[in-house]
Amino acid sequence: MAGTDRDLAGYRGRPPNIRWPGGARLAVSVVVNVEEGAELSIGAGDERNEHIYEAVERVEGARDLCMESHFAYGTRAGWPRIRALLRHYGVAATLNANGRALALSPWIAAEAVADGHEVSSHGWRWERHVHMAEAEERRVIARSVAAIAAAAGTPPVGWHTRSATSLNTRRLLAEHGGFLYDSNAYDDDLPYVVQEAGRPHVVLPYSFDTNDMRFFNNGGFVQGDDFARYCIAAFDRLLAEGADAPRMLSVGLHLRIIGRPGRIAGLERFLAHVAAAPGAWFARRDGIAHAWRDGMGLPRWVPSPTPTDFAPDAAPPGSAVPAAGDVA
């Protein structure tokens, strides 16, 4: 049968008997997506413009200044609001950042690191990898790593492709040697380990339902309280289940979405609810991946040397921004 490599069973209701640090029942992973400046844009030398925002509108053959302005709201106004809330509630988060976005806004990475957050990779551009040739994908991975390392001071150890990966993505991440985990899955409420390139690799499933993207395109969220109520319901359920087995909750944020003044209170209500609940662990995704490896009895992960065929010298499309080494 086609598709027989799919794992439709998972843990079958019998997950490993692993406890989170401090005896927590539930690991809460707040993921802040930083994509602004990495969206497809003719102005950045890309082949076309991004067309999905609050409204879906295509501008073809010319620079879309309207779309560029929509995305710029995230770095100019959204990030300071989100950053302030994370600091207030003592949340350790993961910034899921495009390399090109941080090449253009390196201060975001510097501020995130200063606040104790992880900076993970969301690819070079905000794009799918499903149709990429293997050689191109190697260059894209390398260029993203170089840009994030320049902005954040250390290379990323996590990866999450926008939507569809290629059939090679996870293998390439394992072969690269610098990735502890990826989040290119949506199939569980727990991490799991797969074998890639002859080594154990942690998968941290992500979520599109506990995600502020549902404010867009008839996703069901209108008021900030819609986001809060849904995420709190997911949290309460998973926390209760965590009495018997570990659980993980991923909450996805975007600078230009939840950072709007009419929505940010929804994030604040959710963070306050979690902060007041015993048994919850606000965790960076690298911390969750390390804890899962420990619980599974795997040796402590350390990066491996990156093969020479992962080189960012042959720039992928949309590279008309300063190279990573040129970023102040």
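How much space lies in the second largest pocket? About 360 Å³ lies there, and the largest pocket has a volume of about 1,000 Å³. The model is predicted, with local features requiring pLDDT of at least 70 and side-chain atom pairs pLDDT 80 or more, while totals for chains, interfaces and linings use all residues. Residues are numbered from 1 along each chain as its sequence is written, and side-chain values use heavy atoms, leaving out hydrogens and water.

**Largest pocket**
- A pocket is an open set of points on a 1 Å grid over the protein atoms alone, where a 1.4 Å probe fits, with protein on both sides within 12 Å along at least five of seven lines; lining residues have an atom within 4 Å of a point.
- Of its 33 lining residues, Arg6, Asp7, Arg170, Asp187 and Tyr192 are the closest to the centre of the largest pocket.
- Helix H5 (169-176) and strand E6 (192-196) each supply at least two lining residues, and E6 gives the most, with 4.
- The lining comprises 13 nonpolar, 8 polar and 12 charged residues (Ala, Val, Leu, Ile, Met, Phe, Trp, Tyr, Cys and Pro count as nonpolar, Asp, Glu, Lys and Arg as charged, the others as polar).

**Second largest pocket**
- The lining of the second largest pocket divides into 9 nonpolar, 8 polar and 4 charged residues.

**Helix H8**
- Among the buried residues of H8 are Arg285, Asp286, Trp292 and Arg293.

Notes. Points joined across faces, edges and corners; volume = space filled by probe spheres on them. Buried < 20%, exposed > 50% of the residue type's maximum accessible area, 1.4 Å probe, protein only.
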